[in-house]
Amino acid sequence: LGVSTPASWIKAKPYGQWCASHPAAIAIDCEMCETKCPATGKVDSKALCRLSVVNADNPSEVLIDTLVKPAWPVSDYRTFVNGISEADLESVQFTLEHAQTFMKALCSSQTIVVGHAVHNDLMALKMVHYNVIDTAMLYKYVNPNDGTPSLKNLAKGVLGKEMPNVHDSVNDARVALECATNYVVLDGKVTPVEKVYTRSRATRGEDSANVLLVHRLPTSTLSEHISEMFLAYTAIKPKKVPDIVFSGSFGKCNVEFTSRGHAELAYATLNGEEREDKGGKKQKRVSLKGGGYVCVRKMKKN
């Protein structure tokens, strides 16, 4: 993962009498910020800065809700998303290691962990856990080209609830749990939801004119691999390559360039068969050295 060693990751112990009275299932949500190691320059784009866990059997019971002090200096607080500022974290003493200790004391390998895109939460916790329910995988949009449903759209379409723009991780955990419960009650016979809400450009912090969508990424792909691909194939270094969002066998991410001109030149320089996707946006198939290909798509129609 580029920011950790195997020794820094945790795994729940087998079920036993030690946890017989613990909740059989929990719902979690983590808030994250971006940190940078001052010694190596490595970036952790999923640094844990808040942990919230609720009891799935009794969602009114909050098992923990705490801010978490990242180990490295914060390079992007993402306050517009998580509501957490520099001042909020200044005096926090609770660390990732404390969060991991809590999770190991709470969970066995049989504990069901419910969340939305829960792999992101587990990555922030640096926790390996296989017994999960991910609401991002349980529902689909009416238009399959819209990708994986957001929790905000699930809350609206499944529960008829409005969610705030700034995340509240306790609320997010409870909403994910409600959506999972609805799926179970309906025996999986759920209808697709409409994509009512989309993130604005201001929220994304990017102008789509200087962004290229890279998709059909193998699960072994890291963000730095994408930067290396553009440097090798176009001699243009992206300004920012965010976390890759994986769904099934492939992943995708929006790659931001310094300007619209840089993005257009990078796209034009790439060698690959060009065709339009179902939405009429142009994209290229770029062959990989090890075989296979990825797709690089413009964000706007020409």
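Which residue in E11 does Leu212 stand opposite?

Mentor: Leu212 stands opposite Val255 in E11. One caution before the details: this is a predicted model. Mean pLDDT for the protein chain is 90, and 95% of the residues reach 70 or more.

Start with the two strands around that pair. E9 covers residues 211-218 and E11 covers residues 250-256. They run antiparallel, joined by 7 bridges. In a regular strand, side chains alternate between the two faces of the sheet.

Now widen the view. E9 and E11 belong to an open sheet of 6 strands. Read across, the order is E10-E11-E9-E14-E13-E12, and the pairing is antiparallel. E10 (245-247) and E12 stand at the edges. Each has a single partner strand, so one side of each is left without a neighbour in the sheet. From one strand to the next, the twist averages 25°.

A helix packs on this sheet: H9, residues 223-234.

E12 spans residues 273-276 and pairs with E13, residues 282-287. The sense is antiparallel, over 4 bridges. Within that pairing, Arg275 has Gln283 in E13 as its bridge partner. The hairpin of E12 and E13 has 5 residues between the strands. Gly280 takes a positive phi there, near 85°.

For contrast, look at another hairpin. It joins E3 to E4 through 2 residues. E3 is residues 43-55, E4 is residues 58-67, and they pair in the antiparallel sense over 6 bridges. Arg50 stands opposite Leu67 in E4.

Then there is a helix pair. H6 (residues 151-159) and H7 (residues 169-185) have axes that come within 10 Å. The axes cross at roughly 50°. H6 and H7 are therefore oblique to each other. Their crossing is left-handed. On the H6 side, the contact uses Leu151, Leu154, Ala155, Val158 and Leu159. On the H7 side, they meet Asp172, Val175, Ala176, Glu178, Cys179 and Asn182. The residues of this contact divide into 8 nonpolar, 1 polar and 2 charged.

Finally, the stretches to treat with care. Over residues 1-5, pLDDT stays under 50. The model has 9 contacts beyond four places in sequence for residues 1-5. Over residues 200-206, pLDDT also stays under 50. For residues 200-206, the model has 10 such contacts beyond four places in sequence.

Notes
Residues numbered from 1 in each chain as written. Predicted model: local features only at pLDDT ≥ 70, side-chain atom pairs only at ≥ 80, totals over all residues. Heavy atoms only, no water. Pairing = 2+ DSSP bridges. Axes fitted to C-alpha atoms, helices over the stretch in contact; angles between N-to-C directions. Parallel < 35°, antiparallel > 145°, perpendicular 65-115°, else oblique. Left-handed = near helix turned anticlockwise from the far one by under 90°. Contact = heavy atoms within 4.5 Å. Nonpolar A, V, L, I, M, F, W, Y, C, P; charged D, E, K, R; others polar. pLDDT = per-residue confidence, 0-100.
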